Amino acid sequence: MTIRQLSDHAINQIAAGEVIERPASVVKELVENALDAGAARICVATATGGKTLIRVDDDGCGIPADQLALAVERHCTSKLSEDDLFDIRSLGFRGEALPSIGAIARLAMTSRHASDAHAWAIRVEGGRKDGPSPASHAGGTQVEVRDLFFATPARLKFLKSDRAEGAAVTDVVRRLALANPSVRFELSGSDRQATTFAAASGERALEARIAQVMGTDFVENARPVDAVREGVRLHGLAGLPTFHKANSLSQFFFVNGRPVRDKLLMAALRGAYADVLARDRHPVTVLFLELDPRQVDVNVHPAKADVRFRDAQLVRGLIVGALRQVFAEAGHLASSHTARSAMASFSTGFAAGPSAGLRPASGGTYGYQRSATSPAPASTDWRASPFRPLDDGEADDGGAPVISGFGEATQAGFETLDMPSADARAHAHASEATEERQSRPLGAARAQVHATYIISQTEDGLVIVDQHAAHERLVYERLKAALAERGVARQGLLIPEIVELPQEDVARLAERAEELEAVGLVLEPFGPGAIAVRETPAMLGQIDIRGLVTDLADDLAEWDSSTRLRERLDHVAATMACHGSVRAGRRLRPEEMDALLREMEATPNSGQCNHGRPTWISLKLSDIERLFGRK
C-alpha cells in the first residue's frame, strides 16, 4: 500500500464534511464571524431552505483588502492572538469555515474595512479562487453562498426538505439572537416569512430578547436564575415546572456566549426538574454559563456543539442546586399557562354557540330551560351543605370530623393545628372572607366543589385548588425534609451481593461510592471485574440489586452522573405521600381548607404535585368578566 498526500482540494472537502453538515451549519459559521467582527446588525436571507442561497450581511469592522485572500485560506484566523487553544474568547477560531464552504459551494465575499477607500470582493467556486477585486459596498461584510454542495452532489441526497432545512436555519438564528440581545437580527427570504429581532438595551435587555424569541408567555411563567460558585456563574430564566413542552427543543444553554447542546448540561437540567416535572414532559429554559475560558474546552467537536468542563461536577452541582433553590423560593407559584389555555378553550366553545341546556327564551335572549335529559334542580338545603360549621363530634361523609395525622412517619394532615371550639369555629367561618385572608396569595377558602376542589377568593379573582394534589405535595416535602435530616436508613445484607461488571464500570462506581452511600447504597470493588453490594436503602425493600447496579453503571457511562437511585427513593416517598394525603372526595371543614392554603403558601414546590401537574389555577376577575361579556 502506497502512502500519498491528499490534494488541497480533497483536504478542503474533507474539512467541509466535518464543519458543514447542512445549510444551518453555514449560517452558524457566518453569523458567528459577523458577531466576532462587532456587528450591531446582521441580516440573513435564504432560498429553498438555504440549499440554493444563503446571504449574511453585517455592519461589522470588515476585512482589510490585503487580508481578504487569507480569509479563505485554511488555518488562517484573526481570533487567536497566540497559539493557545485553551484561551478561546471568540465564537470562531478554527479557520476552516470559509475555505470549507468555498470547496463545496459558490462563495462570494465582499467587505470594506474602515482603512480602505472602497470595498473589495473575492470569489471561491469549488476551491478555485478569483480576486480580490474592487467592489461596491457601504461597510462591513457580505457573504453570499450559492448552490451548496454543488461540488459534492452526493451530500445533497442526505439533506431534508426545504421546510426542515429552513427550520434548522431559523433555530440557529434564534439561538444566536438569544445570546446577543444588543444585536439586531433580520431573517428573510423567498422560503420564509420575514422575522426581526430588534436590538435591546438596559438591565432588562436579555429578558426583552427572550420575550422576542420565545414569547411573553414563557417570560411570565419563568423565574430568574443567578448563582455563582467557585468562579462559575449561572444566570438566565428557568420555566416553572408546570410550564413545560412535549420535547426538549425549548431548552437553550450557552457557555461563554456560545450555544451548545451538551449531554452534561442536559443531564443536570433533568436532575434539577426530577421530582417536580411529569416524566414525559420537558422544561423550558434559557440558561447562561460564564467561566474562565481555560476551564472549558470548546474544541472537542468540529461544530463546537459539545464542550468539556475541567470540573464537570462543579458545573452540574451549580445547575441542580441553583434551579432547586429557585423552585423553593417560588414556593406555591404555578404556571398560569394551564388556566389561560383552559379559559381560551372555554371562550372558544362559548363563542361557538349556546351550550347544552341553554335554549332560546321569549324575547330572543338565552335562559336556562331544562331539557328532557337534564336532571331536575335539587332543592337548596343548607343543613346538608358540607360548608356549614359541624357540631362537635359530627362527622362528614369522609368519616372523621377533621383531618387527622396519617402516621408519625409522614406527619400528614393538620394535626399541629389547635382546632377552635364550636362557637369560635362558627365565628371563623362567618369571617373567613375578611380582607386579611383575601390578601394572601391563595386567598380565603369559600367553598368545596365535588368534594375535590377548593374554591378560594382573592382580591382580584379566584383560585381553584386540587386538594389531593396539593396535600400530596405537602406530605412529600415533609418526607424529603425528614430524609435529608435523618439520612436514608440502610439495611445490611447477610451475604454481600456480587455483581460482575466490566472493569471500566467498576471504576466508575468506585469513584462515586461516597455519593451512593449517602443515598443508602454501600458497595466496594470486588476484584478487577466485580462489585460487592453490602447495604441497600431500607425504603426500597426487596429489590433487584444486580439490575439496580447495572443501571447505575449505564447512567454513569452515558451521563457521567446517576440520579436513578435517588429517583427510586423519591418514587417511594411520592407513593407514601400519595397514600397518606387527603383523598379526592373527602369533604373538608372551612378551617381545614384555609389551613391547607396557608401551608401551601409556606411550602416549597407546592405549585405542582409529585407528578408535575399544577395543584392550583388562578382566574382573574377580568377573565371572568370577559366570559360574561362585561368587558
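Predicted model: local features only at pLDDT ≥ 70, side-chain atom pairs only at ≥ 80, totals over all residues.
**Salt bridges**

Side chains of opposite charge can pair when their charged atoms come close. Across the whole structure, a search finds 26 salt bridges. Three of them are listed below.

| Pair | N to O distance |
|---|---|
| Glu32 and Lys28 | 3.1 Å |
| Arg233 and Glu290 | 3.8 Å |
| Glu601 and Arg440 | 3.9 Å |

The pair Glu32 and Lys28 sits within helix H2 (residues 23-36), and because the two residues are four apart there, about one helical turn separates them. Glu32 has a relative accessibility of 0% and counts as buried. Lys28 is buried as well, at 16% relative accessible area, since the limit for buried is under 20%.

The salt bridge between Arg233 and Glu290 has its closest N and O atoms 3.8 Å apart. Arg233 belongs to strand S10 (residues 232-239) and Glu290 to strand S15 (residues 285-290), so this pair ties together parts that are 57 residues apart in sequence. Arg233 is partly exposed at 30% relative accessibility, and Glu290 is partly exposed with a relative accessible area of 35%.

For Glu601 and Arg440, the closest N and O atoms of the salt bridge are 3.9 Å apart. This pair links distant parts of the chain, 161 residues apart: Glu601 is in helix H17 (residues 590-602), while Arg440 is in the loop between helix H11 (435-438) and strand S20 (444-449). Glu601 counts as buried, with 18% relative accessibility, whereas Arg440 is partly exposed at 30%. The two residues also belong to a network in which salt bridges with shared partners join Arg440, Asp594, Arg598 and Glu601.

**Helix packing**

Two packed helices are described by the angle between their axes and the distance between the axes.

Helix H17 also takes part in a contact with helix H12 (residues 467-486). The axes of H12 and H17 come within 10 Å and cross at roughly 50°. At that angle the two helices are therefore oblique to each other, and H12 passes H17 in a left-handed crossing. On the H12 side, the contact involves Gln467, Ala470, His471, Leu474 and Arg478; these meet Leu596, Glu599 and Met600 in H17. By class, four residues of this contact are nonpolar, two are polar and two are charged.

H7 passes H8 in a right-handed crossing. H7 contributes Leu264, Leu265, Ala267, Ala268, Leu269, Gly271 and Ala272 to the contact, and H8 contributes Ala312, Val315, Arg316, Ile319, Val320, Leu323, Arg324 and Phe327. The residues of the contact of H7 with H8 divide into twelve nonpolar, one polar and two charged.

Arg546 lies in helix H15 (residues 545-559) and is partly exposed, with 40% relative accessibility. Leaving aside neighbours within four places in sequence, Arg546 is in contact with Glu497, Ile498, Val499 and Glu500. In the case of Ile498, which is 48 residues away along the chain, the C-alpha atom is separated from that of Arg546 by 8.2 Å.

**Backbone geometry**

Most residues other than glycine have a negative phi, and most peptide bonds are trans. The following residues depart from these patterns.

The peptide bond joining Gly131 and Pro132 is cis, with omega about 10°. Pro132 lies in strand S5 (residues 128-135).

Asp147 is not a glycine but has a positive phi, near 55°. Asp147 is placed in the loop between strand S6 (140-146) and helix H4 (162-179) and is partly exposed, with a relative accessible area of 31%.

Asn605, also not a glycine, has a positive phi of about 65°. The loop that holds Asn605 runs between H17 and strand S26 (616-620). Asn605 counts as buried, at 9% relative accessibility.

Technical notes. Residues numbered from 1 in each chain as written. Heavy atoms only, no water. Salt bridge = Lys/Arg side-chain N within 4 Å of Asp/Glu carboxyl O. Buried < 20%, exposed > 50% of the residue type's maximum accessible area, 1.4 Å probe, protein only. Axes fitted to C-alpha atoms, helices over the stretch in contact; angles between N-to-C directions. Parallel < 35°, antiparallel > 145°, perpendicular 65-115°, else oblique. Left-handed = near helix turned anticlockwise from the far one by under 90°. Contact = heavy atoms within 4.5 Å. Nonpolar A, V, L, I, M, F, W, Y, C, P; charged D, E, K, R; others polar.
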